[in-house]
Amino acid sequence: MSLFKARDWWSTILGEKEEFDQGCLCVADVDNSGSGQDKIIVGSYMGYLRIFNPHPVKPGDGVQPEDLLLEVQLREPILQVEVGKFVSGTEGLHLAVLHCRKLCVYAVSGTLGNVEHGNQYQIKLMYEHNLQRTACNMTYGPFGGVKGRDLICIQSMDGMLMLFEQESYAFGRFLPGFLLPGPLTYSSRTDSFITVSSCRQVESYKYQVLAFATDADERQETEQQKLSSGKRLAVDWVLNIGEQALDICVVSFNQAISSVFVLGERNFFCLKDNGQIRFMKKLDYSPSCFIPYCSVKEGTINTLVGNHNKMLNVYQDVTLKWATQLPHVPISVKVANLQDLKGVIVTLSDNGHLQCSYLGTDPSLFQAPRVDSREINYEEFDAEMKELQKIIKEATKTQDILPKSEKYRDLIVTAEVSPDLDAESQAIDSEVKAEAIPSVTVKITIQSRVTAQKPNLAVCVQAPLAVTCDQFVFDDLEPDSSETVVLSVFLKGNCSPSELEGNCMVSYNMPTELNPEGIPKVAQCNFRLPLRLICFPAQPSKAANHKLTIDTNKPPISFLTIFPDFVDPSEDDQANVLGFQFLTGSKTTLLASKTSQRYRIQSDQLEDLWLITKELTLRLEEHFKKQNCKDFACTFSGSIPLQEYFELIDRHFELRLSAEKFQELLSERAVQFRAIERRLLTRFKDKTPAPLQHLDTLLEGTFRELKEESILMSCHT
């Protein structure tokens, strides 16, 4: 082994095809064990939350079952995880999980079992905040100098800082001149928030300035309100670094010195509290993450910097002290205390490679035993051997807490999709404006070979698809028994789904001798829905705004073969051209070339190309697989339609602005309507009749404007 390779102490691969980012890793004593040992908390964009407590028998061992304390799937992507004092009334540590539109705070606790494998950990939701804006990242700390608790600040994608005083929302402020969100951190020494703006400059905002600034929720103010409430949000100090920042961190290892570290695209900076540069280091590589930590030399700070060359560099201020090779590109790095080892380096890659490593070489702890010249007592050795064999024999009789692995699975769940659509549609509460909304029946069968306690079935489909019933609860299943449920899937929302796949998941408990309450287990399966569920055959269109060409290495196949459910066998003209009419109203045309090995998909709307393209490739792969053809391939050699994609984003942004505008106008008209009603009611209650002064005409006109603006608002949402 090379001297400059990171020594693998413990490692694992998280999930399959999951994605991770900078804020998905955190190390802390999240279960408040008091032992001083950190736990590794990892969240993924797939919504999985995992907590590890590594205990390798020897360095380099892989993950053991008892190392994973908790694994739970949350329904939304996890952007960031942090641990702090987030619950009022206690100074215990709690886990904060940031989703796109939600902030959740959990308490992590463990229950001791009979053996080490039996320890069970669970999370309890303490409180949650539903966010009105899409979140980007968050930071926490004792804002305003509070003692014994931490407050949370969330930065939204549109530049709003939302501050939460634990269970309650405090206030929100917009950052001036905002374009794109950057890294955010909090300095307790100066009681300020530090971020890097799109102008490539480090900006610091005092908490007191944020608290007394104008509320972000106030869109319009009268002159009196401007004079009596709030101030404009002013920056405390600014430093232009001339590049975008990847991360920012505040380090304060003693009360006298506090430093702000900023990792740029080609440099990393160390700043003082007032924004002056203490030192900077120019990097000759592309960094990916960093973390400062305490140095053994007084007056200096060590920094770990990972890069895209799979290297981890150790700097003491600006001096490179060590460089080590990693097996992956780190996107987040932490320093933790694990199993009485201080300074374990924890790294995470974007595809879920989690590793705990250390630097240096492996020390040799072997010492040659001293030769003993005394004679061997064979009778004593025989007695010891018999005693050990007796212990082994007794140990093999007892059953382990987990049953031995078997050839087949204990519980099997299968989903069978009906080849035909339902004769009578089962669609309910659908927003689609089509004349007939089809539905398809899915038959789900659960077969159990063992005793399954408290089985629950959950069925998930991609929105805007919906099912008639998505949750089923069964009685305990006996061995060699089965349960069958039937449900229907239909299009509920007035738009096309991104995929036509569903998932069935059964959770149950399997009892054992030493654990009669049951071991939690999960079985799942996927099913594919027919294309006829969201569209039907139609006349092809010759002209279209968006076109996509797919190249193959095989001659084109007649649509009579691969799309028999959309083609009438009596019409030969549909062998090379086919039209699809979506329930939402749009139309897509599929053409097969007669001279080349190409297929063309065209439509007036860009988003409608995807489903037909995916269905075409799947059906082609299935066709050639039946013919035992293993070298079939589909390729796309054209340019990616980014311009059209950006136009859709701009259109969506314009619709949101228009919706906000119409909502404000609707609110103004509603206030005016209620004011006119009060005036009319006062006139009608008056004992002496008085002229209405055209209030009835004004009321009728306001009501007409209310209806018109309500219709306009519904068209833009």
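In which crossing, left-handed or right-handed, does helix 6 pass helix 7? The legends below take up this predicted model view by view.

**View 1. The whole protein.** The protein has seven helices and 42 strands (DSSP runs numbered from the N terminus: helices H or I of at least four residues, strands E of at least two). Its C-alpha trace spans about 120 × 75 × 65 Å along the principal axes. Of the 717 residues, 41% are buried (under 20% relative accessible area, 1.4 Å probe, protein chains only).

**View 2. Helix 6 against helix 7.** Helix 6 (residues 642-685) packs with helix 7 (residues 695-715) at an angle of about 155°, and their axes are 9 Å apart. Axes are lines fitted to C-alpha atoms over the stretch in contact, and angles run from 0 to 180 degrees between N-to-C directions. The pair is therefore roughly antiparallel (over 145 degrees). Helix 6 passes helix 7 in a left-handed crossing: the near helix is turned anticlockwise from the far one by less than a right angle.

**View 3. F279 in its strand.** F279 lies in strand 21 (residues 277-282). F279 counts as buried because its relative accessibility is 15%. Beyond its neighbours within four places in sequence, F279 is in contact with F261, F268, F269, C270, D317 and V318 (heavy atoms within 4.5 Å). F268 is eleven residues from F279 in sequence and 8.8 Å away, C-alpha to C-alpha.

**Notes.** Residues are numbered from 1 along each chain as its sequence is written, and side-chain values use heavy atoms, without hydrogens and water. Local features need pLDDT of at least 70 and side-chain atom pairs pLDDT 80 or more, while totals for chains, interfaces and linings use all residues.

Technical notes. Parallel < 35°, antiparallel > 145°, perpendicular 65-115°, else oblique. Buried < 20%, exposed > 50% of the residue type's maximum accessible area, 1.4 Å probe, protein only.
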